[in-house]
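Welcome! Open your viewer, get ready to select a few residues, and follow along.

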Amino acid sequence: MESSERRLIEQCLAGEAEAFGDLIAPYQDRIYNTLYRMSGHREDAAELFQEAMVRVYRGLRSYQGDSAFYTWLYRIVLNVAFTDRRRNKSRPIATESISTTSSRELAQPDSPSGPGHHVEIEETRGIIEQALGQVAEPYRVVLVLKDIDGLKYEEIAEILDVPIGTVRSRLHRARSEMRDRLQPYLDRGTI
């Protein structure tokens, strides 16, 4: 664990609430985007984010430092998302497009930005988000953590508490599902 994180955790435990914001700040965009991709709804992602942060704050005393802080943090965040998904199993994943995207997401080409350029990018992003929302949750989680959040296989295995081989096979299956879902659009030149 980094010394700055250790210091911030100690400050939080000493009752300095503003230190919690500093502790979470480097991860909050990635956490929100992960929750959005898990829930498919912006409002749900915001609610899940708040719930996860409350659980993280309350559980901070239980953090032993055996794993990286963000690994512990992501485990809590994903548990909140999984619990919500089980509670709301009948609710479908939304296909709305997220406008605040991470740099690892859909790369925007350096083409001139004519009037239709932004619309094309948003349509492509919507198609990709819809395809991602249709991937089964265990595979989608690994795909988001690896390809969007950029975590290593070992980190994902620790977060999900599964063997690395399981992470690799789930990622392979998720990528295969995404390829199958996006192939008709690629064939038509839509994306």
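Predicted model: local features only at pLDDT ≥ 70, side-chain atom pairs only at ≥ 80, totals over all residues.

Residues are numbered from 1 along each chain as its sequence is written, and side-chain values use heavy atoms, with hydrogens and water left out.

**Stop 1: helix α3.** Select residues 28-39, the 12 residues of α3. Helices are DSSP runs (H or I, at least four residues), numbered from the N terminus. Now color its buried residues (under 20% relative accessible area, 1.4 Å probe, protein chains only): among them are Ile31, Leu35, Tyr36 and Met38. What covers the buried residues of α3? Look for α4 (42-59), α5 (69-87), α6 (117-134) and α7 (137-148), which are included in that cover.

**Stop 2: α3 against α4.** Show both helices: their axes (lines fitted to C-alpha atoms over the stretch in contact) come within 8 Å and cross at roughly 125 degrees. In the contact (heavy atoms within 4.5 Å), α3 contributes residues including Gln28, Tyr32 and Ser39, and α4 contributes residues including Arg42, Leu48 and Phe49.

**Stop 3: alanine 174.** Move to helix α9 (residues 164-188) and pick alanine 174. Is this residue buried or exposed? Alanine 174 counts as buried because its relative accessibility is 0%. Leaving aside neighbours within four places in sequence, alanine 174 is in contact with Val135, Tyr139 and Leu143. Finally, select arginine 140: 34 residues from alanine 174 in sequence, but 6.2 Å apart in space, C-alpha to C-alpha.

Terms used: Helix = DSSP H or I, 4+ residues; strand = E, 2+ residues; numbered from the N terminus. Expected span 1.5 Å × (residues − 1). Buried < 20%, exposed > 50% of the residue type's maximum accessible area, 1.4 Å probe, protein only. Axes fitted to C-alpha atoms, helices over the stretch in contact; angles between N-to-C directions.
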